[in-house]
Amino acid sequence: MTTANLLDFDLEGLAAFCEKLGEKRFRATQLFRWIHQRGASDFAQMTDLAKSLREKLAVHAHVEGLPVLTQQASADGTIKWLFDVGDGNAVEAVFIPEDDRGTLCVSSQAGCAVGCRFCSTGHQGFSRNLSTGEIVAQLWFAEHFLRKHLKRDDRVISNVVMMGMGEPLQNYAALVPALRTMLDDNAYGLSRRRVTVSTSGVVPMIDRLGVDCPVALAVSLHAPGDALRDELVPLNRKYPLAELLDACQRYLAHAPRDFITFEYCMLDGVNDQPEHARQLIELVRSQGISCKFNLIPFNPFPASGLLRSPQPRVLAFAKLLSEAGIVTTVRKTRGDDIDAACGQLAGDVKDRTNAARRMAERRTVVLHPARKKSATSPVPGAMNR
Ligand code: SF4
């Protein structure tokens, strides 16, 4: 008999499950607290639940996290876990401690079908969506592991970013109950602004997220125009910049006083020139979007054929945006020594879509302006198709 993994349910789903067992819906709140606030998985431990409920749960349900394949700790305190999700697939989550917060970067898919040029996950191809339980299990494990490890009773993880492996908005049905569990005061109680969904720009799902669960939104922009973005973020061919920025505007109507964070990975000679900064300023000004920019030093990996922009160029780019009145930060790289930095999460993926092969075929030499001036591409440094 298959039994339900209770990590798959948000509170509403758990209440419906309790009803099916012939129990009052409010029992779900007690159960939810045991699982998420106390990290319990053994129903016998949940002594304030009626014995009859515990007996039913023992027959019809279980609470099961993901097996940890490896754990790596960086010199800077960052910790990376590799979780087994079966069939030869594994996904990664990363904890990044800072003075005033603890952030967990969570995966939503085994692999990713979007295939962004600068992303290690994208180069691995796509296997499958994670279930709600598999998304939540990363937080469940990390929070309770860290409390024990750091000998703390209070919450350790204050922020979650859906920026691990996968495009979260291409796994929408599993994502939303997972987000609701993160926000629920009977579970992790994270504030809406401390849970961030990062998307490469799945326009229809941005609209749905605004209605269903308007958490903080980060958009992987990476280019100021469609020609270059088509090459770096292939989803742009389906949802070009104008449509994406319109969706960002609509999103903010559901999240007043918020802003969109535009992620911008700095690629040497590709998208890091002063004219790119000026085009970006023009782009966001023309749309009047409330936004901030997060410049990400690229973490190179051989298959990308791309290089990190030199730090002075990153700072000069940031200065141009800042002087135009756009709040701009440069992301500190963390966990470099354990390949846990942004864009380096690779896990283990059985590519079922041949995305990796298609990317390799598409991959051509970057026309680096410093080395090759005769670019046929419309944008300096852009890739050949
Ligand atoms: S950046 Fe995000 S959307 Fe793009 S390939 Fe990587 S995981 Fe997928």
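Author: Helices (H or I, at least four residues) and strands (E, at least two) are DSSP runs, numbered from the N terminus. This is a predicted model, where local features need pLDDT of at least 70, side-chain atom pairs count only at pLDDT 80 or more, and totals for chains, interfaces and linings use all residues. Residues are numbered from 1 along each chain as its sequence is written.

Let's start with Cys 112, which sits in the loop between strand S7 (109-111) and helix H4 (120-124). Cys 119 has its place in the loop between S7 and H4 too. UniProt, in an unreviewed entry, puts a "binding site" feature at Cys 112, Cys 116 and Cys 119; such annotations may be inferred rather than shown by experiment.

Now for burial: a residue is buried if 20 or more other C-beta atoms (placed from the backbone) lie within 10 Å of its own, exposed if 12 or fewer, and partly exposed in between. Cys 112 is buried because it has 30 other C-beta atoms within 10 Å, and Cys 119 counts as buried because it has 28 C-beta neighbours inside 10 Å.

Leaving out residues up to four places away in sequence, Cys 112 touches Thr 121, Gly 122, Phe 126, Met 165, Gly 166 and Glu 167. Contact means C-beta atoms, placed from the backbone, within 7 Å.

As for the ligand, the residues around it include Cys 112, Cys 116, Cys 119, Met 165, Glu 167, Ser 200 and Ser 220. Being around it means a C-beta atom, placed from the backbone, within 6 Å.

How values were computed. Two residues are in contact if their C-beta atoms, placed from the backbone, lie within 7 Å.
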